[in-house]
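I opened the model to look at helix packing and ring pairs. My notes follow in the order I looked things up.

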Amino acid sequence: MLNDIHSPEDLKKLPANQLPQLAEEIRNEIISVTSQKGGHVSPNLGVIELSIALHRVFNTPKDKIIFDVSHQCYTHKLLTGRNNEHFQNLRQTGGISGFCNRGESEHDAFGAGHAGTALSAALGFAAARDRNETSENVIAVVGDAALTNGVSLEALNNISTTTKKMIVVLNDNKMSIAKNVGAISKHLNNIITNPYYNRLYNDMNEFLKKVVGDSAVIANEKLHEKVKSLVLPSSVFENVGMLYIGPIDGHDIPTLERYLQYCKNANKPILLHIVTKKGKGLPVAEKNPEKFHGASPYNTETGESLSNDKSIPNYQDVFGKALLKFAQNDKKIVGITAAMASGTGMSFLKKELPSQFYDVGIAEEHAAVFAAGLACNNVKPVVAIYSTFMQRAYDCAMHDVCLQNLPVVFCMDRAGLSPNDGATHHGLFDISFLRSLPNAVIMQPSNEDELTDMLWTSIQAKIPAFIRYPRGKAEGVEIKQTPAMLEIGKAKELRKSDGKICIWALGNMVKEAIITADAIKAECGVEVGVVDARFVKPLDTELLLKHADENVAIVTLEDHVKMGGFGSAVAECLIENNKKNKLEIIAWPDKYIPHGTDVATLRNQFGLGREQIIEKVKALL
């Protein structure tokens, strides 16, 4: 049946009794593709019925469906002409994105990849519709986790005063990536689990169905208000001027269609609260929705990763275990995460030392300012945030941490490429936006032992520190029992040159520098110098200027955009000191890099492949 769906119009032609079969086929297709290619498994399995109902009631692309984060858009893509070979190449080079993308389809009203944007964007769409005097519906599909994000709360504050017609579907599965935290999550849980409310509401619903029919049940706003007022305090959504309806079963397609139709006809901002099960239909995902929020290729029966090589640890786990070790010996050390305990490696601290662990929900700005407050009172906060999400906390890093020169350590995982996720998740910009901040110390390790040293040094030095490191496997280097205290701003010379070329490499590109030096030695007989820069700020200007005097050419190599990055810092130093060396900055271009099958494929596509680096350095000879 799924193979015959080429647009929402095909979906609308199906009789209602065939929809459960279609949902099952979609579920099987998502499981089949993600088990081979990886992807966001649990979020997508939880919204299949909702997506079907949305596309049967509304008419995209005229009507605008805006998904928060949009990592739950797989069914939406399957129903809007991206089935078969398109979906089979999900998140691969040349294939479709794992998120909504305006350049990919007219049915993708708004692109996303980060949480908390849907309400603001949808309100913008609604306000534009009102100004243009057009009639399209605007629907924001928002997970309960997004309501822990400050941008969502800012939008909620503005909806009723900005537009008279907008629909918010609250997809409540009690999860973000990990289990939700905070007062709003507790409020929603109280609504869902209150037995008196549900019993009264259902009994009155059944009575009205018999007397006046289904439509009156939904339309009777006073029914909802009367029942809720008997057993619950006023809903937070009603307090900001929205009509609140629900909660209803998010896996019951006929019920979803009936309620969505009412929302479509309503003439006031309305929130429909649905309850879904994250990972529905895949037992291993239902049992462990956090693991399957975003998964690498996996075995559908056991849930085990198909690339489960544990001989070399992931950088996130190296960080997490080191932080736990240091925190066990120092009760003032605390860890902070924005709903990413597992992804950042902080799950070790969460499990062993819960009193020294804080999960603030999807609220990176709050995490940063919260850490600043802790640092003012003799606590030692370590904040783990993906590089791409650190962008959200930039003002806080400037205004609240660096300006006050507070000892907060930011550990930025996924610095560099996150290949399958694409432009919204690549960590290619952090050096450029952090390097301009006075007092900031920015560093990147070339291996897991150096990461441990940098974490230890940052905590002990009591500085505003930013440590960036890539996604995935480390280098397989043995980690010392006792970490070393590094001298701030000092690079490490690994190989001396014969006076022609010296490569200054940062982090995971040090390995590529060594390979390049070996290749040129073998082919040309030239000894190329190699430096593990370690620090972007402060830069080791003493060693750099020495190498400038000793070599004809300097090469910089980094996993970051060229503009404003590590190479820019080297260029500034050489210019300020009147050095005339040839300078080759090898970095990512001034473009948003798309998703791709793997790191090697994307590097080759944009001039950072291994052979391409060797040829660029050889050209300097």
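I began with the contact in which Thr541, Leu544, Leu545 and Ala548 of helix 25 meet Val570, Cys573 and Leu574 of helix 26. I took contact to mean heavy atoms within 4.5 Å. Helices here are DSSP runs (H or I, at least four residues), strands are E runs of at least two, and both are numbered from the N terminus. By class, this contact of helix 25 with helix 26 has six nonpolar, one polar and no charged residues. For the classes, Ala, Val, Leu, Ile, Met, Phe, Trp, Tyr, Cys and Pro count as nonpolar, Asp, Glu, Lys and Arg as charged, and the others, Gly among them, as polar.

Before going further, I noted that this is a predicted model, where local features need pLDDT of at least 70 and side-chain atom pairs count only at pLDDT 80 or more, while totals for chains, interfaces and linings use all residues. Residues are numbered from 1 along each chain as its sequence is written, and side-chain values use heavy atoms, with hydrogens and water left out.

Next I checked the geometry. The axes of helix 25 (residues 541-550) and helix 26 (residues 566-576) come within 11 Å and cross at roughly 65°. Axes are lines fitted to C-alpha atoms, for helices over the stretch in contact, and angles run from 0 to 180 degrees between N-to-C directions. Helix 25 and helix 26 are therefore roughly perpendicular; the cut-offs are under 35 degrees for roughly parallel, over 145 for roughly antiparallel, 65 to 115 for roughly perpendicular, and oblique for the rest.

I then picked out Leu544, which lies in helix 25. At 0% relative accessibility, Leu544 counts as buried (buried is under 20% relative accessible area, exposed over 50%, partly exposed in between, with a 1.4 Å probe and protein chains only). Leaving aside neighbours within four places in sequence, Leu544 is in contact with Trp504, Leu539, Ile554, Val570, Cys573 and Leu574. Leu544 and Leu574 are 30 residues apart along the chain, and their C-alpha atoms are separated by 8.4 Å.

On the helix 24 side I found Glu512, Ile515, Thr516, Ala519, Ile520, Glu523 and Cys524, against Arg610, Ile613, Ile614, Val617 and Lys618 of helix 28. The residues of this contact divide into seven nonpolar, one polar and four charged.

Last, I turned to the rings. How many aromatic pairs does a search of the whole structure find? It finds 13. Rings of Phe, Tyr and Trp (its six-membered ring) pair if their centres lie within 6.5 Å; planes under 30 degrees apart are stacked, over 60 edge-to-face and the rest tilted. Tyr315 and Tyr469 have ring centres 6.2 Å apart and planes at 35°, so I logged the pair as tilted. This pair links distant parts of the chain, 154 residues apart: Tyr315 is in helix 16 (residues 315-328) and Tyr469 in the loop between strand 11 (465-468) and strand 12 (492-495). Tyr315 is buried at 1%, and Tyr469 is buried at 0%. I also logged Tyr358 and Phe370 as an edge-to-face pair, 5.1 Å centre to centre with 85° between the planes. Tyr358 is partly exposed at 31%, and Phe370 is partly exposed at 25%.
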